[in-house]
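The following exercises are to be worked with the sequence and the coordinates at hand. Each task is followed by a solution in steps.

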Amino acid sequence: RKVLGELAKTESFKKAFVKGYREGREEVQRDISKKLIDEGMDVSIISRVTGLSVEEIKNLKLSIIKSK
């Protein structure tokens, strides 16, 4: 536990933690977007709801179409 506590204080750990958090959050946003695309929701609404760009959602939509 002490080692983990010391590790958490390092700058590299903090940067890695923030990066991992952001990547995880973006993955969740993409998953939600895919579900909303499947439900037929408009791309601009999905963008407003998830915070992803319209372009990224269009790319997700294309990937869904190609995978079917």
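**Exercise 1. Packing of two helices**

How closely do the axes of helix 3 and helix 4 come, and at what angle do they cross?

Solution. The model is a predicted one.
Step 1. The axes of the two helices, helix 3 and helix 4, come within 9 Å.
Step 2. Their crossing angle is roughly 120°, and helix 3 passes helix 4 in a right-handed crossing.
Step 3. The residues that meet are Val43, Ile46, Ser47 and Thr50 from helix 3, and Val54, Ile57, Lys58 and Lys61 from helix 4.

**Exercise 2. The surroundings of Ser47**

Determine whether Ser47 is buried or exposed, and identify what its side chain reaches.

Solution.
Step 1. Ser47 is located in helix 3.
Step 2. Its relative accessibility is 14%; because the limit for a buried residue is under 20%, Ser47 counts as buried.
Step 3. The Ser47 side chain reaches the backbone oxygen of Leu52 at a distance of 2.7 Å.
Step 4. With residues up to four places away in sequence left out, Ser47 touches Leu52, Ser53, Val54 and Ile57.

**Exercise 3. The span of helix 2**

Compare the end-to-end distance of helix 2 with the value expected at 1.5 Å a residue, and state which of its residues are buried.

Solution.
Step 1. Helix 2 covers residues 11–38, that is, 28 residues.
Step 2. From its first C-alpha to its last, helix 2 reaches 41 Å, close to the expected 40 Å.
Step 3. Gln29, Ser33, Leu36 and Ile37 are buried in helix 2. The cover over the buried residues of this helix includes helix 3 (43–50) and helix 4 (54–67).
Step 4. After helix 2 comes Gly40, with a positive phi near 85°.

**Exercise 4. Salt bridges**

How many salt bridges does the structure hold, and which residues are linked in a network of salt bridges?

Solution.
Step 1. The general principle is that side chains of opposite charge can pair when their charged atoms come close.
Step 2. The structure holds three salt bridges.
Step 3. One of them joins the side chains of Lys19 and Glu23, at 3.5 Å from N to O. These residues are four apart in helix 2, so about one helical turn separates them. Lys19 counts as exposed, at 52% relative accessibility, while Glu23 counts as partly exposed, at 41%.
Step 4. Another joins Arg30 and Glu27, with an N to O distance of 3.0 Å. Arg30 and Glu27 are three residues apart in helix 2, and therefore about one helical turn separates them. Glu27 is partly exposed, at 37% relative accessibility.
Step 5. Arg30 also meets Glu56 in a salt bridge, at 3.6 Å from N to O. This pair links distant parts of the chain, with Arg30 in helix 2 and Glu56 in helix 4, 26 residues apart. Glu56 is partly exposed, its relative accessibility being 28%.
Step 6. Glu27, Arg30 and Glu56 are accordingly linked in a network of salt bridges.

**Exercise 5. Separation in sequence and in space**

How many residues apart in sequence are Ile45 and Phe13, and what is their C-alpha to C-alpha distance?

Solution.
Step 1. Ile45 is found in helix 3 and is partly exposed, with a relative accessible area of 33%.
Step 2. Ile45 and Phe13 are 32 residues apart in sequence.
Step 3. In space, 36 Å separates the C-alpha atoms of Ile45 and Phe13.

Terms used
Residues are numbered from 1 along each chain as its sequence is written. This is a predicted model: local features need pLDDT of at least 70, side-chain atom pairs count only at pLDDT 80 or more; totals for chains, interfaces and linings use all residues. Side-chain values use heavy atoms; hydrogens and water are left out. The expected span of a helix is 1.5 Å times one less than its number of residues. Buried means under 20% relative accessible area, exposed over 50%, partly exposed in between (1.4 Å probe, protein chains only). Contact means heavy atoms within 4.5 Å. A salt bridge is a side-chain nitrogen of Lys or Arg within 4 Å of a carboxyl oxygen of Asp or Glu. A polar contact is a pair of N or O atoms within 3.5 Å; within protein, one must be able to donate a hydrogen and the other to accept it, and residues adjacent in sequence count only if both atoms are side-chain atoms. Axes are lines fitted to C-alpha atoms, for helices over the stretch in contact, and angles run from 0 to 180 degrees between N-to-C directions. A crossing is left-handed if the near helix is turned anticlockwise from the far one by less than a right angle, and right-handed if clockwise.
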